[in-house]
Amino acid sequence: MRFEIITIFPGFFEGIFEHGIVRRAQAEGLVSVGVHDLRAFTHDRHRTVDDRPFGGGEGMVLKPEPLAEALASIGIPPLADRAAEPETTRPRVILMSAQGRPLTQAVARELATMPRIVLICGRYEGVDERINELYCDMELSIGDYVLSGGELAAAVVVDTVMRLVPGVLGNEASGEFESFGIGDSEIAVDVEGVPRSQHGSGGLLDYPHYTRPAEFAGLRAPEVLMNGDHQQIRRWRREQQLRKTLRNRPDLLNAASLSGDDQRLLDAIRGEGEK
Ligand code: SAH
């Protein structure tokens, strides 16, 4: 898979993809990232990329022409001319925007199946809307807050999507067993090395993790994790997932895939609060 990033600050990405899983994925040739300097597609002495907004108001807006040229330089024609390309080879163009649809793990999983993703980083008040209309498959937001530019957001997208590309995570299935993972019923294969006792997270948050030492600062790691009873461990972890999701992200429970046991546990946990 190939990522292309269009930005006025190419230096921002120096070093950012040179750590951990993201670095390894590139070293192994599973993914690559190209960073393109928007100013290289200007033709005036000042290398102007922005202009004042029509209609007045605050700030500046990224001009459409340099962006259209930058896209053309990496072989991206307008949407209308890409429609005929087969799904499997068609690049996806994404505008980083606070007005975009939210980036979720489900969106990341979908993007991880694409051959090529182009990320456009806005600055100032944003990007001339005609770029969105003419070139972009979607607008993507990384959360309900306003950043000063799309660079940080694009880096978040690259990191999140890249680790889901098949082969990138050491254990192919581990993406299913973490926070926001899919439900058991959707996990197609019993992948070797993944204890089924861990359960697909089914849209819940992950359970807490512990490692040695068994006692730290007077706190013992939960006994249940030490006794080797996988049934019990599974039940404990599931309960912790439900507790944490109820406490920090109750909104996720609506869409989570919950078994009858889960429902009963959840009712019991809710009951405790009423005591
Ligand atoms: N006027 C815009 C904010 C512009 S911030 C608004 O109110 O929606 C400048 C740039 O930062 C945007 O063009 C976008 O590329 C990026 N950006 C800001 N917040 C973002 C977010 N939550 N997710 C993704 N990109 C964001």
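Me: Is Phe180 buried or exposed?
Reply: Phe180 is buried, as 20 other C-beta atoms lie within 10 Å. A residue is called buried with 20 or more such atoms within 10 Å of its own C-beta, exposed with 12 or fewer, and partly exposed in between, with C-beta atoms placed from the backbone. This is a predicted model, in which local features need pLDDT of at least 70, side-chain atom pairs count only at pLDDT 80 or more, and totals for chains, interfaces and linings use all residues. Residues are numbered from 1 along each chain as its sequence is written.

Me: Where does Phe180 sit, and what is its phi?
Reply: Phe180 is in the loop between H6 and E8, and its phi is positive, about 65°, although it is not a glycine. Helices (H or I, at least four residues) and strands (E, at least two) are DSSP runs, numbered from the N terminus.

Me: And what about Tyr124?
Reply: Tyr124 also has a positive phi, near 55°. Tyr124 is partly exposed, with 17 other C-beta atoms within 10 Å, and belongs to the loop between strand E6 (116-120) and helix H5 (129-135).

Me: Which peptide bond is cis?
Reply: The bond from Arg212 to Pro213 is cis, with omega near 0°. Pro213 lies in the loop between H6 and strand E8 (215-216).

Me: New topic: which residues come nearest to the ligand?
Reply: Of the 19 residues around the ligand, Ala98, Gly122, Leu147, Gly150 and Ala153 come nearest; a residue counts as near if its C-beta atom, placed from the backbone, lies within 6 Å. Strand E5 (92-102) and helix H6 (150-162) each give two or more residues to this shell.

Me: Which element gives the most?
Reply: E5 does, with four residues.
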